[in-house]
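Hi everyone, thanks for coming along. I'd like to walk you through a structure that may be new to you, so let's bring it up on the screen.

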Amino acid sequence: MTRVRIFDTTLRDGEQTPGVSLSPEQKVEIAAALDGLGVDAIEAGFPVVSDGEARAVRAVCAEGLSAEICGLARTERGDIDAAADAGLGYVHAFIATSDIHLEHKLRISRDAAVEKAVAAVEYAKSRGLRVEFSAEDATRTDAGFLARIFGEVARAGADRVDIPDTVGYSTPAHMAEMVRGAAEATGGLPVSVHCHDDFGLAVANAVSGVQAGAACAHVTVNGIGERAGNASLEEFAMALQCLRFGEAYETGIVPARIYEASRLVSRLAGVQVQPNKAIVGENAFGHESGIHTHGVLSNPLTYEPISPELVGRTRRLQVGKHAGIHGMNAMLEEYGIRPDREQSRLILEKVKEAGDRGAHVTDVELLSMAGDVMRDGGAAGSIVRLEGFSVSTGIGTMPYAFVRLDIDGKRFSATDYGVGPVDASLNAVQKIIGRASRIRIGDYGLASISGGSGASCEVTVRVEDEKGGSVSAKSVGEDIVTTSVKAVIDGINRIMLKRAVGPGAGPGRPPA
Ligand code: MN
């Protein structure tokens, strides 16, 4: 087994994602999660950029985590001092080495770059720091010059060298060649690879670098980072662990904590994960097509390369026009609903009709369809629809909400006050629902998931019935109040349908 080092730069390169800025408290929270996830090193920030950044790095250092804590520095004394003063024992010092950067950004000669690099490494060592030296834009740097500067910094005492593919310009074969070159130029120092995803090759390049002998990869949770982002921690670690390369690799990553870390970073950084993102995307373990769902239900290995539980997730089945009877029944089974053959056929017909209209069939709608079909057999299902809603809030006035719901074709409306607009709205909903049923809104959680005033929010609620049953529901939207009301209505539907068509269905049905 070859042990591969994971250098996480979510808090530095990840934070350089446009629009992302983390407070010191948020950095500490993410650092603790990364430590629990098992990364070997955490790049906590770039201490010289601001007082807040230096404070954040200092706070992460003070946590006493198992991971090595690192900070970024240019090859400038002031940057290295800022790193050491923030309490770091390990610095990631970089200078650009490609002619493009030397001519147009730094406006210095190659010789001057070597001098600065060597002086910085010597100075950092004199301050007692471990040094990882990065040749920025290495993959567009002249190979002979790169070998020269790597050789010089190694002689000056650098502990590690890193090959940044700063603009994601490499291919796997090129990265392998560069890793071998760096190892040779430095007389065998550990080599890291820092890959960007501009062409979607970041993880492939990082894996190839490791196969060519790199000891370490720089990665970020969810692949966040400048432009198209960095190699993603979860994809890289799981590829090394699960794919067969001929050689076996291991990392310190605890896979079961991956999803939780992904959600935390998404929430605090305010960057949503695309649904089709490998490992952590909403659809990564989701199945809709009847053929796939049937296969997965018979044996998950048919259409899942790894089990979702391995990375802290669960499988998600969805129905739509591609649905099959097995998948649909498996979903209903989760709610304790077991239609007979004929009922299954009729429910599936409704699902496909909706799918053909281009509709997205949610769990609640599936339960409602099952309710409609099975109602003939004595079960009864209701569905609550939000018909009208308005809210008023401000200063010097009590927040006030009006809500109108349609329940089984009957209209109900209520108004209520609250401590804020969300509270007022939920009180009004509760007033209507509570008239005929003892459904209660339990936990309520709100998270902002992107920055700016056009931010999206994610609301999760738990809805409970009088028998102690509970369901949770989630809604994402741009308006906090509307999203909250939708989440609650969804939760109410789930719990009412669950008990209406589920086992023990009967009395206790909602308002009629
Ligand atoms: Mn970078």
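Helix H9 (233-242) and helix H10 (258-269) each supply at least two residues to the lining of the largest cavity. Please keep in mind that we are looking at a predicted model.

Which helix gives the most to that lining? It is H10, with three residues. The space inside the largest cavity is about 30 Å³, and the count of cavities of 30 Å³ or more comes to one.

In soluble globular proteins, nonpolar side chains tend to be buried together. Here, the largest nonpolar core has 92 residues, and Ile42, Phe133, Ile163 and Phe236 have the most contacts inside it. Helix H5 brings the largest share of this core, eight residues. A second, separate core has 27 residues, including Phe412, Ala414, Val485 and Met496.

Let's stop at Phe133. Beyond its neighbours within four places in sequence, Phe133 is in contact with residues including Ala93, Ile95, Ala117, Val121 and Phe150.

Finally, have a look at helix H3, residues 77-85. Its buried residues are Asp79, Ile80, Asp81, Ala82, Ala83 and Ala84. What do they pack against? Their partners are strand E4 (68-74), strand E5 (90-96) and helix H5 (110-126). After H3 comes Gly87, with a positive phi near 95 degrees.

Key. Residues are numbered from 1 along each chain as its sequence is written. This is a predicted model: local features need pLDDT of at least 70, side-chain atom pairs count only at pLDDT 80 or more; totals for chains, interfaces and linings use all residues. Side-chain values use heavy atoms; hydrogens and water are left out. Buried means under 20% relative accessible area, exposed over 50%, partly exposed in between (1.4 Å probe, protein chains only). Helices (H or I, at least four residues) and strands (E, at least two) are DSSP runs, numbered from the N terminus. Contact means heavy atoms within 4.5 Å. A nonpolar core is a set of buried Ala, Val, Leu, Ile, Met, Phe, Trp, Tyr and Cys residues joined through side-chain atoms within 4.5 Å. On a 1 Å grid over the protein atoms alone, a cavity is a set of points where a 1.4 Å probe fits but cannot get out, and a pocket is an open set with protein on both sides within 12 Å along at least five of seven lines; lining residues have an atom within 4 Å of a point. Grid points are joined across faces, edges and corners, and a volume is the space filled by probe spheres set on the points.
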